[in-house]
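Below are some notes for a colleague who is opening this entry for the first time. Please read them with the structure on screen.

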Amino acid sequence: AGRGDADAAARLWLLAAACRDQVQAFVDKGFGPDSVRVFDWAMQSFEMTRLVELEADNPATLGRAYATGVSNAGVWPGDGEYGEGPEPALRLRAVHFAVPHTKTGALLPFSCQTVDGALHVTLNAADPLVPAALRQRAADLFVEAVEALASEALREAPAALGGGLPRAALALKDWAPHAPGALAALWAVWAVFSRAGAWGDLWASWARIWEAGAMDVDLAPLKFWALFAVAHPVLQPALWISEVLHSGAWPGPLLGGLVPASFAVVNVAALGAFGASARLRGAAASFLAAAFVSYVSAGVASEGGLGAYNLALDDGVHGCPAYEEVRQPSMEGFDLRKYEGRWYELAFHDWTQFAEVGGTRLDIAVSQGGDRWLDDFSVGAPSQRAAPKSWDKSPVANGAHYLMQGRVDTERPGVLQESGFGLVFPNFIVDVERDASGEYTRAIQFQCLERGGVRVFEGINFLSRSPEDAPGQLARMHKRATAAGLDPYGTGPGQMHEVEHPPPGLIPVDNAWQALWRALGVDKLLALAEQALHTQAEDILNQ
C-alpha cells in the first residue's frame with residue numbers, strides 16, 4: 001500500500017475508534033431505549049410516513065438523497081454453533097440481511113454482519129436505478145476497500161506514517177494544520193485572562209456609568225474610547241512594514257525611486273502565497289487578531305505606555321477634580337489674549353495622541369468677543385525617533401491639522417469647554433510661567449471627561465513657546481504638575497510621553513515619496529481640509 005493509502009487508512013481507523021467510543025458511551029448512558037421512544041413519538045407526531053412519501057416523489061433524488069449507506073450489525077454473539085452433543089446440530093456460516101428501501105433510502109445500501117471472523121456483505125440496490133452491472137462493480141469496490149483496510153500493512157497504518165507513531169501522535173499530525181489558529185487563540189486568551197482583573201475593572205467602570213444613567217444616548221464616550229483603543233494597534237503594522245521597506249537591507253534597484261525591486265518581488269510572492277492558500281490567510285489573520293487583542297489588553301492593564309496608551313478608566317483616583325482643586329496661584333490675573341499664538345507640546349499623557357508622531361504644535365486663537373476658543377492642532381507623522389528609516393516617506397511628514405474649538409468661561413478664563421471627537425469636555429489651563437516681561441512662556445493644560453462619577457479620559461499637556469527643551473525645563477514642569485495635584489491623573493514618573501520636535505529651520509520634506517503623494521492628490525486633500533478648518537476658524541473668531 002502506498003503512503004497515501006496508509007494516510008487515509010490511518011484516519012479511517014482513528015475515526016472508527018472514535019465512533020466506537022461514542023457508541024459505547026451512548027449505550028452505557030442508557031440512551032438507546034430513550035432514542036427508540038423518541039423515534040416512536042416522532043413517527044406518530046410528525047407523520048413520518050408522509051415525509052417519506054414526499055421524498056420518494058422528489059424528482060431531484062427519486063427518493064435516493066444519499067449515495068451510499070452502510071448498516072453494520074456488528075459481530076454475531078457466540079461461536080455460531082447450536083445443539084447438544086459432541087457435534088453441533090447447527091453451525092451458523094453466514095448472515096445476510098437487507099434494509100428495506102422500497103420508496104426511499106440510499107442509492108447503494110450495504111448491510112454487514114460479522115460471523116466467525118468473516119464479514120458478510122449484502123448490497124440491496126433498487127433496479128432499474130442501479131443496474132446489475134453497476135451493483136456488481138459497487139460490491140467489488142466495497143470488498144476491495146474493506147480488504148485493503150483489513151490488511152496487516154494498513155491496520156498498522158500509523159507505522160507507515162512515520163515509524164510506528166502512536167495514536168496520539170497521529171492525532172497530532174491531523175491537528176497540525178490547525179496549530180497556528182489554535183496557538184493564536186491561546187495567545188489571545190492568555191492576553192485577556194492574564195489581565196482579567198484589569199478587564200473586570202474596565203467592565204465594572206462602564207457598568208457604573210450605565211447604572212448611573214450617565215451614558216450618552218449616542219454612546220459617544222464609549223465610541224470615543226473604542227476609536228483610540230483600535231487606532232493605536234492598527235497603526236503599528238503600517239509603521240513596521242514601512243521601516244522594513246526602508247531599512248536598506250533590500251538589494252537591487254529602486255522601482256520608480258520608491259520601492260526596492262527585491263522587496264517588491266518578495267511581496268508579490270507573499271501575496272501569491274496568501275491568495276493560493278486559505279490556510280495561510282487564516283493563520284495570518286489569526287495571529288494579527290491575537291496581536292490586536294494582546295495590544296489592547298496591555299493598554300487596559302496600563303502596560304501599553306502610560307503616556308499614550310493607558311486605556312484604564314478611573315485608575316488612580318475616581319472621577320475628575322474641580323478646576324479650583326488643580327488651579328495654581330500663577331493663574332491669578334490670567335489673560336487669555338496673552339495665551340494666543342503658537343505653543344509647542346513638550347510632553348503629554350493622552351491616549352488621543354500617538355507616541356509615534358512628533359512636532360506637535362497648538363496654534364491658539366480667541367474670538368473677538370473673548371468667549372470662543374480655537375486650537376489648530378498640528379502634528380508631523382511619524383517622528384524621526386519612532387521611524388528613523390521611513391519618517392520622511394509618510395504622506396503627512398510635513399504635518400497634518402485637526403481643529404478643536406470650545407467656549408470660554410468668561411468668569412474663569414482658564415476654564416474651557418472644548419469640543420472634539422464628538423464630545424464636549426473641560427479643558428483647564430492649570431498653570432502658566434511668565435518671563436521677565438510678563439509673557440507666558442510655559443503652561444500646563446488638563447482635560448478630564450467624566451460620566452456618572454467615572455473618569456473616562458484624562459489628557460495632560462506640557463506646553464512651551466519654544467520646541468527646545470531647555471535644561472531642567474521638563475523637570476520643573478513635573479514639579480509644578482505635582483504641586484497642582486496632577487500626579488494621580490498621569491504626570492507621575494513614567495506617565496508622560498516626551499514629544500520629539502524637528503530641529504529649527506528644517507525645510508519641508510521633498511522626495512520621491514512626497515512626489516508620489518502629490519501625484520495621488522494627497523497634498524490637495526490635506527490643503528482642502530486645512531482651508532476648510534481655517535474658514536471655520538474665521539467664522540468662529542468673527543463671532
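1. The model is a predicted one. Start with strand 13, which spans residues 423-434. Nine of the twelve residues in this strand are buried, so the strand is mostly covered, buried being under 20% relative accessible area.

2. Which strands pair with strand 13? On one side of the sequence there is strand 12 (residues 415-420), which pairs with strand 13 in the antiparallel sense over six bridges. Ser419 has Val424 of strand 13 as its bridge partner. The hairpin of strand 12 and strand 13 has two residues between the strands, and Phe421 in this hairpin takes a positive phi near 60°.

3. Strand 14 (residues 440-451) also pairs with strand 13, again in the antiparallel sense, here over seven bridges. The bridge partner of Ile429 in strand 14 is Gln445. Five residues lie between strand 13 and strand 14 in their hairpin. Gly438, in the turn of that hairpin, has a positive phi of about 90°.

4. Now turn to a pair of helices. Helix 8 (residues 179-193) packs with helix 12 (residues 278-300) at an angle of about 5°, and their axes are 8 Å apart. Angles under 35 degrees count as roughly parallel, and helix 8 and helix 12 are therefore roughly parallel to each other. The residues of this contact divide into twelve nonpolar, four polar and no charged. Helix 8 contributes residues including Leu183, Trp187 and Val192, while those of helix 12 include Phe287, Val293 and Ser297.

5. Is Ser262 buried or exposed? Ser262 lies in helix 11 (residues 261-276). Its relative accessible area is 18%, so Ser262 is buried. Not counting residues up to four places away in sequence, Ser262 touches Trp250 and Pro251. Trp250 is twelve residues from Ser262 along the chain, and their C-alpha atoms are separated by 6.0 Å. With Pro251, the side chain of Ser262 reaches the backbone oxygen at 2.6 Å.

6. His497 counts as buried because its relative accessibility is 18%. Leaving aside neighbours within four places in sequence, His497 is in contact with Gly307, Leu346, Ala347, Phe348, Ala355 and Arg385. With Ala355 there is also a polar approach: a polar atom of the His497 side chain lies 3.3 Å from the backbone oxygen of Ala355.

Key
Residues are numbered from 1 along each chain as its sequence is written. This is a predicted model: local features need pLDDT of at least 70, side-chain atom pairs count only at pLDDT 80 or more; totals for chains, interfaces and linings use all residues. Side-chain values use heavy atoms; hydrogens and water are left out. Buried means under 20% relative accessible area, exposed over 50%, partly exposed in between (1.4 Å probe, protein chains only). A polar contact is a pair of N or O atoms within 3.5 Å; within protein, one must be able to donate a hydrogen and the other to accept it, and residues adjacent in sequence count only if both atoms are side-chain atoms. Contact means heavy atoms within 4.5 Å. Helices (H or I, at least four residues) and strands (E, at least two) are DSSP runs, numbered from the N terminus. Two strands pair if DSSP finds at least two bridges between them. Axes are lines fitted to C-alpha atoms, for helices over the stretch in contact, and angles run from 0 to 180 degrees between N-to-C directions. Angles under 35 degrees count as roughly parallel, over 145 as roughly antiparallel, 65 to 115 as roughly perpendicular and the rest as oblique. Ala, Val, Leu, Ile, Met, Phe, Trp, Tyr, Cys and Pro count as nonpolar, Asp, Glu, Lys and Arg as charged, and the others, Gly among them, as polar.
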